[in-house]
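Subject: Structure handover

Hello,

Here is the structure we talked about. Please open it and keep it beside this email as you read.

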Amino acid sequence: MRRGRGAGRHCSNRRLRPGSKGRVCGYRGRGPFRRRLMDMGFTPGTEFTVKKEAPFGDPLIVNVRGYDVSVRRKDIERIMHK
Amino acid sequence: MGDKLKKIALVGNPNSGKTTLFNRLTGSTQYVGNWPGVTVEKKEGYFEIDKEKFKVVDLPGIYSLSPYTMEEIVARNYLIDEKPDVIIDIIDATNLERNLYLSTQLMELGIKVVFALNMMDVVDNKGDEIDVDYLSKHIKYPIVKISASKGTGLKELKKEVNEILEEENVSPHSIKPFKKEIEEAVIKIEKHIGKKKFSYFDALKLLEHDSHVLKDYNDNPEILEYAKELREELEKRYDDDIESLIIINRYEYISDIVKSTLKKNKNPKKSVTEKIDKIILNKYLAIPVFLASIFLMFSAAFGNVTTYIMDFLDELIQVHFAQLVSDGLVAAGASSFTQGLVLDGIIAGVGSVVVFIPQLMVLFFFIALLEDSGYMSRAALMMDRLLSKIGLTGKAFIPFIVGFGCSVPAIMAARTLDSEKDRRLTIFLAPFMSCGARAPVYAMIATAYFARHKSLVIFSVYLMGIIVAGIMGIILSKTIFKGEKAPFLMELPDYRMPTIRGLFTHMWDRSKDFIKKAGTIIFAASVIIWLLTSLDTSFHLTSEPSESIIAYLGKAISVIFIPLGFGDWIPSVALITGVFAKESVVSTLNVLVQNSSVGAIMTPLAAYSFLIFVLFYVPCVAAIGATKRELNSVRWTIGAVLFQTGTAWIMSFLIYNIGRLVMMI
């Protein structure tokens with residue numbers, strides 16, 4: 001399990017809810033998932049905000065690098081954040 | 001200069017306005033097809049500058065050049081194999097960082113780039129400022145401000161493209177976003193490869209351990225070994241894998257540039273998008289709004305006005321036009337064979353499909369409206385939870401919804417899905433959303449056999465289609481379509497006011513496909529079906545249906561249907577004609593029962609089983625044609641047909657036999 005730079009005690013994948021902010025500090029697992037998320041701007045040190053959740057609770061609408069993207073909980077839980 | 005046609009590649013993020021720009025540049029010269037071997041759409045067209053013709057290829061919308069999705073692979077392969085003379089990189093100005101991330105990669109290809117900065121008007125509206133000069137100086141390539149939807153800046157764009165092609169002094173260059181140590185490593189590898197076209201790109205990819213490029217250098221193990229050494233050194237030094245390092249480097253560099261380029265409005269007013277989303281994505285209002293918009297779409301497409309137009313068109317073709325042609329043929333002394341072929345075969349067959357065109361155009365118009373305005377992504381968002389359970393994403397709901405109208409546009413709509421696996425699975429399942437052409441069949445059988453419970457019976461059939469699609473989706477995604485599930489990352493663009501021009505272009509794009517299909521496949525199918533129903537086994541014209549070739553075919557096939565309860569030649573023939581157009585089942589049954597009645601040829605249970613078969617079995621030839629075109633493979637198309645027909649047989653079998661068991665109790 002690679003933690004990447006800046007990993008510290010608080011780097012976790014706590015459940016996110018609308019309004020919560022996070023700063024990417026690592027990922028769980030490798031492979032195309034992580035690559036995709038990073039391509040879309042979720043790089044270590046990047047701040048993101050959960051704006052809303054979809055009416056059924058999933059997926060979430062997350063704002064990162066100035067734009068909104070929908071992400072499933074299961075995928076964003078791969079991102080560890082402070 | 002020279003006579004060789006200059007090639008321009010149009011690249012950019014999805015939702016950056018690329019398609020709109022492409023349409024503006026190429027107009028009616030477009031050709032849309034598929035990239036060979038894959039389900040990704042390929043678009044090419046032409047435009048002129050000073051009487052010189054340029055070919056433009058619209059590459060799929062991509063976020064990066066990594067080789068992980070089909071789109072990225074297709075785009076990358078095109079750029080490397082076809083070596084276009086220039087790239088137009090379209091950038092969504094409201095999304096600078098992520099768009100520039102792709103730009104840094106494009107600039108490493110060693111191909112000249114012209115940047116089209118789109119949606120500056122939206123930036124202005126927000127009150128943000130972009131220092132385009134600063135950006136241009138930094139990138140050292142021309143940046144042209146455009147508005148693809150408004151059509152501004154296009155002349156300047158074409159001018160810059162023309163100039164950069166002629167300009168000998170401008171050589172392709174990259175923006176060098178990497179840390180010194182990484183850049184040095186790339187240069188070292190490049191030295192080993194030797195300077196040539198794409199040597200920098202290859203060197204970078206070798207360092208990155210890119211699977212596709214590694215394959216190209218299999219014959220040079222020393223280079224591979226050297227790259228591996230350098231890579232491991234860097235990874236140890238920075239305690240991270242090379243892929244991460246490079247992506248992070250890129251974004252860090254871009255972040256810095258954008259900080260100096262973009263000045264955000266200090267008091268941003270709540271955007272219109274946010275205000276609208278407060279309603280559209282509101283926990284309680286979202287579903288009703290969604291259902292209302294679907295209802296609106298269907299009422300318009302299948303409601304009274306459109307039906308009236310369809311009936312009018314039907315009469316125009318089958319009565320008036322047919323009469324004209326008939327008179328003409330008689331006057332020309334045509335044989336009864338020719339008359340039959342033209343009137344009962346071609347005009348009746350093609351005409352019955354042409355009648356659908358207004359309906360489909362209305363459907364396409366509303367879909368274009370939902371897409372262009374930005375609502376579609378919200379709808380997909382809502383449907384994602386449900387669709388993820390059958391191995392798909394929220395985007396698949398568009399093909400499914402459309403499928404209730406007609407399978408052909410539904411299959412075509414699968415293009416918008418992100419992965420080949422998703423596209424294939426959706427195309428396999430979409431016909432289970434019972435299309436409009438099957439409805440008359442249900443109505444006829446239900447009326448004949450279940451008069452009092454007609455509506456309930458028909459409703460149960462539709463419901464069965466949805467439920468079985470869900471079950472089959474789960475089964476298929478665990479077996480044949482098992483695969484790495486890509487994360488569902490869907491951008492939510494700002495709501496935009498659709499332009500009339502855009503709406504009609506998008507509507508017409510889709511309609512054009514269907515019309516072409518009607519012109520070709522249906523034409524051929526109509527001829528064939530007429531021949532089969534009108535000729536007897538010694539190839540003479542016959543007016544006795546039970547003597548025709550198709551009756552013999554029906555009798556031969558009917559064996560398969562015995563376990564399903566309707567192993568008789570009449571339903572069998574009806575089902576065969578239903579392959580050409582589902583409504584034919586109705587007309588065929590009517591013709592074949594002659595003096596008897598439709599309600600007398602099967603038992604009620606068998607009739608229900610028959611309905612279930614009609615629901616699931618292979619859709620019409622037009623849909624099969626669309627399937628072949630979208631899947632781009634005969635093997636997969638046959639697979640889809642077998643899957644659908646197999647499901648039909650199994651479901652009918654279960655319904656009929658379980659029904660009989662229940663009745664015996």
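Below is what was found in it, topic by topic.

**Ground rules**

This is a predicted model: local features need pLDDT of at least 70, side-chain atom pairs count only at pLDDT 80 or more, and totals for chains, interfaces and linings use all residues. Residues are numbered from 1 along each chain as its sequence is written, chains are lettered from A and ligands numbered from 1 in the order written, and side-chain values use heavy atoms, without hydrogens and water.

**Chain B overall**

Chain B has 29 helices and ten strands. Both are DSSP runs, numbered from the N terminus: helices are H or I with at least four residues, strands are E with at least two. Its C-alpha atoms fill a box of roughly 90 × 65 × 60 Å along the principal axes. Of its 665 residues, 56% count as buried. Buried means under 20% relative accessible area, exposed means over 50%, and partly exposed is in between (1.4 Å probe, protein chains only).

Now contacts, meaning heavy atoms within 4.5 Å. Take those in chain B with a separation of 6 or more: residues 24 or more positions apart account for 72% of them.

**Inside chain B**

How many of the ten residues of helix α26 (residues 584-593) of chain B are buried? Seven are, so the helix is largely enclosed by the rest of the structure. Among them are B:Val585, B:Leu589 and B:Leu592. Their cover includes α21 (439-450), α25 (569-580) and α27 (604-616) of chain B. B:Gln594 follows α26(B), and its phi is positive, near 45°.

B:Ser558 sits in helix α24 (residues 549-561) of chain B. Its relative accessible area is 9%, so B:Ser558 is buried. Neighbours within four places in sequence aside, B:Ser558 touches B:Gly567, B:Asp568, B:Trp569 and B:Ser572.

**Salt bridges**

A salt bridge is a side-chain nitrogen of Lys or Arg within 4 Å of a carboxyl oxygen of Asp or Glu.

One joins A:Arg72 and B:Asp384, at 2.8 Å from N to O. This pair crosses between chains: A:Arg72 is in the loop between β4 (67-71) and α2 (73-76) of chain A, and B:Asp384 is in helix α17 (residues 375-388) of chain B. A:Arg72 is buried at 6% relative accessible area. B:Asp384 is buried too, at 1%.

Another joins B:Arg423 and B:Glu71, at 3.1 Å from N to O. B:Arg423 lies in helix α20 (residues 420-429) of chain B and B:Glu71 in helix α2 (residues 70-82) of chain B, so the pair ties together parts 352 residues apart in sequence. Both residues are buried.

**Surface patches**

Patches use residues with over 30% relative accessible area and no salt bridge; like charges are joined within 9 Å, and nonpolar side chains (Val, Leu, Ile, Met, Phe, Trp, Tyr) within 5 Å.

B:Phe459, B:Leu463, B:Ile467, B:Ile471 and B:Ile475 make a nonpolar patch of about 470 Å². Areas come from the Shrake-Rupley method with a 1.4 Å probe; for residues, only the protein chains shown count as cover. B:Ile475 lies in helix α22 (residues 454-478) of chain B. B:Ile475 counts as partly exposed, at 43% relative accessibility.

B:Asp50, B:Glu166, B:Glu167 and B:Glu168 gather in a surface patch of negative charge. Asp and Glu count as negative, Lys and Arg as positive; His and the chain ends are not counted. Each charge is placed at NZ of Lys, CZ of Arg, CG of Asp or CD of Glu. Is B:Glu168 buried or exposed? B:Glu168 counts as exposed, at 69% relative accessibility.

Best wishes
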